[in-house]
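Work through the exercises below with the sequence and the structure at hand. Each task is followed by a solution in steps.

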Amino acid sequence: MASTQTPVVEEKKGRLSIPDKLLKGLDPEWVELWEKHGSSMVRADELSLEEYRKSPATYSFTYPTCPGPFVFHVEDIEIPVTQPAGKIKIRVYTPEGPGPFPVHLNFHGGGWVLGNLNSEAAWCRHMCNKAQIKVIDVDYRLAPEFPYPTSIYDSWDAVKWTIANAASINVDPSSVSIGGLSAGGQMTAVMSHFARDEGIDLKLQLIIVPATDMRYCLRTRELNETTCPYESVLLYHDAPWGPLGREQWFLKYWLGDDDATQERILTKEWICTPVLAPSFKNLAKAHIITAEFDLERDEGEYYGRLMQEAGNDVTMKRYPGVPHAFGHFNHPERGLSQSFVYIEDTSRLLRKVHFGKSEE
């Protein structure tokens, strides 16, 4: 006799579904977004960069992002860069008013390989409106066509160009801040050392989920407590949204695919590994943002402690329950609450460092 009981059918999970071991403490909003929109995709690092570039949208989890709010004026400007010589584009967001305005330069994330002026446009627009400052987003050149360290020097050239051309772009050269997310955070950390050494005073270095010590990414090293001092790497190296393999994929294109070259750069050159910087004295005021469920969490916080121990003014905030690029998920209806907290936090901070106040 056939059974009349209705069979229990388990919901089919994507191949990149979040493992049970990571669910405790993870933001439920992120779990829902990832399982619905990310868990069945192919990540960029699972194929070649050439294949990725044929159809970036196919391999990017960009569902909750959005263009951002209206801004009074937006202008693209082409500027010269030096290492190697060439030109890059910057996008200047301007609030309403006479100026001259304080200015914040943003360096987008994407592992020095991906990303463009659309990557963090929404955040830039929010900063312009909420902090009432000019925001300059920098379209530095990407690897592998322009490998390490081109992106760093493109970004630094943009800082110096902004100061040198302050009058023509209506900014206050004595009120400049810099910041970036992930790869952009790494470059921000490096450029703050450049600024100190060249006598340029910055109001703030805003270092967001930065890559400050990627020596654990070396493919010739086994990942364990001896080779990696960061608990977050050991905990989240296989997280489906941002595993160690993704970090190694970026470095293959940024540093080159030769193990010896990667080891030399990662272990010897501080502009790649900022925790190895020769001096942490007299750096600009810093704010470091980390994400709880990010393998890069602990290296960012360690970098902050190095700056604090050298006597610098450093604040840090760890956003609970969220992954590495949580700041990108800012769609007004389908984003992450923590992304909007981040927008409010950073706009308040930029308003405070540039105007001496945190309220409108």
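A residue counts as buried when its relative accessible area is under 20%, as exposed when the value is over 50%, and as partly exposed in between. The model used here is predicted.

**Exercise 1.** Locate histidine 126, decide whether it is buried or exposed, and list its contacts beyond its neighbours within four places in sequence.

Solution. Histidine 126 belongs to helix 3, which covers residues 121-131. Its relative accessible area is 17%. The cut-off for buried is under 20%, so histidine 126 is buried. With neighbours within four places in sequence set aside, histidine 126 contacts Pro69, Ala131 and Ile343.

**Exercise 2.** Valine 209 and asparagine 282 each have a positive phi. Give the value, the location and the burial of each residue.

Solution. Most residues other than glycine have a negative phi. For valine 209, phi is near 35°. This valine 209 lies in the loop between strand 6 (204-208) and helix 7 (231-236). Its relative accessible area is 1%, so valine 209 is buried. For asparagine 282, phi is about 60°. Asparagine 282 is found in the loop between helix 9 (259-268) and strand 7 (286-293). At a relative accessible area of 64%, asparagine 282 is exposed.

**Exercise 3.** Determine how many disulfides the structure holds, and check cysteine 66 and cysteine 124.

Solution. A disulfide requires two cysteine sulfur atoms within 2.5 Å. The structure holds 0 disulfides. For cysteine 66, the nearest cysteine sulfur is that of cysteine 124, 12 Å away. For cysteine 124, the nearest cysteine sulfur belongs to cysteine 128, at 9.2 Å. Cysteine 124 is buried, with a relative accessible area of 0%.

**Exercise 4.** Classify two of the aromatic pairs, tyrosine 236 with phenylalanine 293 and phenylalanine 326 with tyrosine 342.

Solution. The structure holds 20 aromatic pairs. In the pair of tyrosine 236 and phenylalanine 293, the ring centres are 5.1 Å apart and the planes are at 40°, so the pair is tilted. Tyrosine 236 is in helix 7 and phenylalanine 293 in strand 7, so this pair ties together parts 57 residues apart in sequence. Both tyrosine 236 and phenylalanine 293 are buried.

For phenylalanine 326 and tyrosine 342, the centres are 5.5 Å apart and the planes at 65°, so the pair is edge-to-face. Phenylalanine 326 lies in the loop between strand 8 (314-323) and helix 11 (337-355), and tyrosine 342 lies in helix 11, 16 residues apart. Phenylalanine 326 is buried at 1% relative accessibility, and tyrosine 342 is buried at 3%.

**Exercise 5.** Which residues do ring pairs link into a cluster, and over which ring does the charged end of arginine 141 sit?

Solution. The cluster consists of Trp30, Trp34, Trp241 and Phe329. The charged end of arginine 141 sits over the ring of phenylalanine 146, at 4.7 Å from the ring centre.

Conventions. Residues are numbered from 1 along each chain as its sequence is written. This is a predicted model: local features need pLDDT of at least 70, side-chain atom pairs count only at pLDDT 80 or more; totals for chains, interfaces and linings use all residues. Side-chain values use heavy atoms; hydrogens and water are left out. Helices (H or I, at least four residues) and strands (E, at least two) are DSSP runs, numbered from the N terminus. Buried means under 20% relative accessible area, exposed over 50%, partly exposed in between (1.4 Å probe, protein chains only). Contact means heavy atoms within 4.5 Å. Rings of Phe, Tyr and Trp (its six-membered ring) pair if their centres lie within 6.5 Å; planes under 30 degrees apart count as stacked, over 60 as edge-to-face and the rest as tilted. A charge sits over a ring if NZ of Lys or CZ of Arg is within 6 Å of the ring centre and within 35 degrees of the ring normal.
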